[in-house]
Amino acid sequence: MKKFIFALLTLALHECLSAQQPSEEIPQRFMYRISFAPEIGYRTLVSTASEREIAESRDANEIAQIGFTTGIAAEYAFTRNWSLSVGFAYANRGYQTKTAIFNWSAPAQQSPSESFVSYRFGYIDIPILLTYRFGHDRHWTFFATGGAVPSVFLVRSKTLFVNEQNTWTSTDNQRGIGYDRFALFLSAEVGAEYTLSDSFALRLGIVGKRAIAASNPNMATQEYLFSGGLNLGFVWRP
Amino acid sequence: MKHPTTKHITTEDSAPLISAQERTTRITVVRVVTLLLFCIVVQSCGNDGLATAPNDGEFSPRLSAYGIFQGTMSNLVASEGYLGYTLSSQLFTDYAEKQRLIKLPTGTQMTSMGDDLLNFPDNTIIVKTFYYFNDKRDTSKGKTIVETRLLVKRNGLWNAATYLWNNAQTDATLTTSGFDKNVQWIDEKGAGRVISYHVPSNRECATCHQSNGQLMPIGPKAQNLNIQITKNDVQTSQLHDFQARGFLTPTDLLRIRTLPNDKNPALSVQDRARAYLDINCAHCHSPTGFCANQDLFLEYNTPYESTGIATRKDQILAFMQSGFMPLLGSTVRDDEGIALLTNYINSLP
């Protein structure tokens with residue numbers, strides 16, 4: 001399924017880029033962008049009946065966590081309004097557990113009072129996005145962007161944070177296994193660009209991304225990561 | 001006046017055709033991107049880095065269905081017909097205590113194949129329960145049971161699955177996707193400990209338990225069972241006891257060697273360290289294990305020259321210290337194990 005969607009995407013991309021005949025005046029066809037998006041991330045769980053309880057107990061205990069995506073993209077304008085971009089980004093998304101409070105029956109000498117666990121997934125994203133720009137004026141342009149983000153799973157880190165006498169310490173456990181090497185996200189963004197000069201613009205958007213393939217597809221309880229946040233960018237039109 | 005660049009041409013003409021140069025740029029971009037995407041797909045589809053050994057046998061949704069324990073389940077009193085056993089050297093699993101049981105179908109026996117894994121009849125169940133004493137200094141203060149793992153042999157094939165105990169400790173639920181659970185206990189020094197215990201997924205079970213692509217038990221090798229146990233205050237050989245009770249076919253026990261106990265300070269550092277590597281690492285690092293393609297073979301019986309330890313002395317310690325190895329099965333470092341291995345590696349020529 002994923003392979004199929006992916007092949008389709010690649011084909012669509014190919015068609016777009018090679019068949020389009022531009023018919024109107026476009027000041028600069030190529031644009032480059034760097035961006036940084038602080039995001040809130042979480043996951044949905046889809047489980048079989050046999051693991052419903054497991055999924056429910058995780059849903060009761062796991063909460064959203066702040067992550068980010070940062071990267072570069074090259075954008076090509078077909079018309080004044082439509083453009084296609086391909087980028088390369090590092091995404092760090094995940095979720096965490098609620099803070100657990102520990103009571104100790106016997107007064108232990110050193111006794112942690114609280115802890116929580118953070119789960120972070122590192123991905124290399126390759127966003128392939130179609131952008132529609134509208135409401136052009138001297139300084140402002142609005143845009144809406146959507147597309148697919150194939151990505152490569154790098155590593156998951158599970159970090160245990162423990163509070164002992166008001167000092168938080170953490171132990172980190174990093175693994176590049178247990179999750180599918182390949183993931184596919186859908187992405188949507190709306191925002192505005194503020195033109196600074198002929199060549200430069202600032203960009204601010206609200207972005208959301210959602211996995212359409214589980215990160216652990218062979219399991220009875222599957223995770224679909226999603227994240228959303230502000231996307232801050234800088235656009236260069238050479 | 002600007003040079004007649006692509007940009008220049010396209011902005012001058014009102015309905016321009018794309019220039020040859022631009023077309024080439026575009027096609028190159030498309031080619032590079034397509035190639036990149038293709039590589040990713042081919043490289044990575046359906047690959048999560050764990051073993052693909054089949055492990056999808058049928059298991060009951062609840063542990064109670066097996067009747068492994070009699071009376072109040074959480075007392076972990078084994079039912080009739082379950083044979084308790086201990087290993088000379090045991091796997092480190094984040095300080096968890098473990099209870100190990102074997103149930104053979106009535107009228108059947110295990111057979112011994114030299115030092116190696118015992119041969120089990122069909123429908124054998126091996127049970128391993130992981131728990132923590134609430135206060136290790138005083139075990140009467142109760143325990144927290146986390147999971148009970150099963151290995152079941154049907155039609156000649158083993159399947160593995162684990163059951164996560166509920167908070168009320170009244171039963172356990174089949175858990176195949178892995179689960180993390182907070183566990184707290186007071187250790188033998190009186191320090192409060194908190195960890196996020198990881199219950200492995202079925203794929204993780206298969207990664208450690210596979211041998212030549214098939215699931216296998218790991219612990220019950222004759223040499224790892226060949227120890228003295230205390231029964232009714234009398235010292236006796238565990239294998240001899242199995243035979244006396246009719247669980248094991250008669251074999252010459254004297255020919256079976258003993259895997260050293262890695263925790264026994266009376267033994268040489270070398271023996272202890274090699275036993276430690278055997279039970280904590282060799283299920284992956286062996287010629288039949290998950291890492292068969294690396295030339296690092298950590299079974300106790302492998303002669304030192306063939307282990308590959310000599311060329312990886314620093315790496316072994318570094319990987320253990322960073323928590324990268326063992327790859328699965330624990331979430332905290334085994335400081336005692338690392339100390340043992342450090343002594344061992346420093347003692348090597």
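Colleague: How do the side chains of B:Asp48 and B:Arg203 meet?

Modeller: The side chains of B:Asp48 and B:Arg203 form a salt bridge (2.7 Å, N to O), a term for a side-chain nitrogen of Lys or Arg within 4 Å of a carboxyl oxygen of Asp or Glu. This is a predicted model, in which local features need pLDDT of at least 70 and side-chain atom pairs count only at pLDDT 80 or more, while totals for chains, interfaces and linings use all residues. Residues are numbered from 1 along each chain as its sequence is written, chains are lettered from A and ligands numbered from 1 in the order in which they are written, and side-chain values use heavy atoms, with hydrogens and water left out.

Colleague: Which parts of chain B does that pair tie together?

Modeller: B:Asp48 lies in the loop between α2 (20-44) and β1 (82-84) of chain B and B:Arg203 in helix α3 (residues 202-209) of chain B, so the pair ties together parts that are 155 residues apart in sequence. Helices (H or I, at least four residues) and strands (E, at least two) are DSSP runs, numbered from the N terminus.

Colleague: Are B:Asp48 and B:Arg203 buried or exposed?

Modeller: Both B:Asp48 and B:Arg203 are buried, that is, under 20% relative accessible area, with exposed meaning over 50% and partly exposed in between (1.4 Å probe, protein chains only).

Colleague: How many salt bridges does the structure hold?

Modeller: Over all chains there are 27 salt bridges. One of them joins A:Arg33 and A:Glu75 at 2.5 Å, N to O. A:Arg33 is in strand β1 (residues 30-47) of chain A and A:Glu75 in strand β2 (residues 62-77) of chain A, so this pair links parts that are 42 residues apart in sequence.

Colleague: Now to the helices. How do the axes of α8 and α9 of chain B cross?

Modeller: The axes of α8 (residues 313-322) and α9 (residues 335-347) of chain B come within 10 Å and cross at roughly 170°. Axes are lines fitted to C-alpha atoms, for helices over the stretch in contact, and angles run from 0 to 180 degrees between N-to-C directions. α8(B) and α9(B) are therefore roughly antiparallel, the word for angles over 145 degrees.

Colleague: Which residues of α8(B) are buried?

Modeller: B:Ile316, B:Leu317 and B:Met320 are the buried residues of α8(B). They cover an arc of only 90° around the axis, which puts them on the same side of α8(B); the arc is that of the directions from the helix axis to the C-beta atoms.

Colleague: What follows α8(B)?

Modeller: B:Gly323 follows α8(B), and its phi is positive, near 85°.

Key. Parallel < 35°, antiparallel > 145°, perpendicular 65-115°, else oblique.
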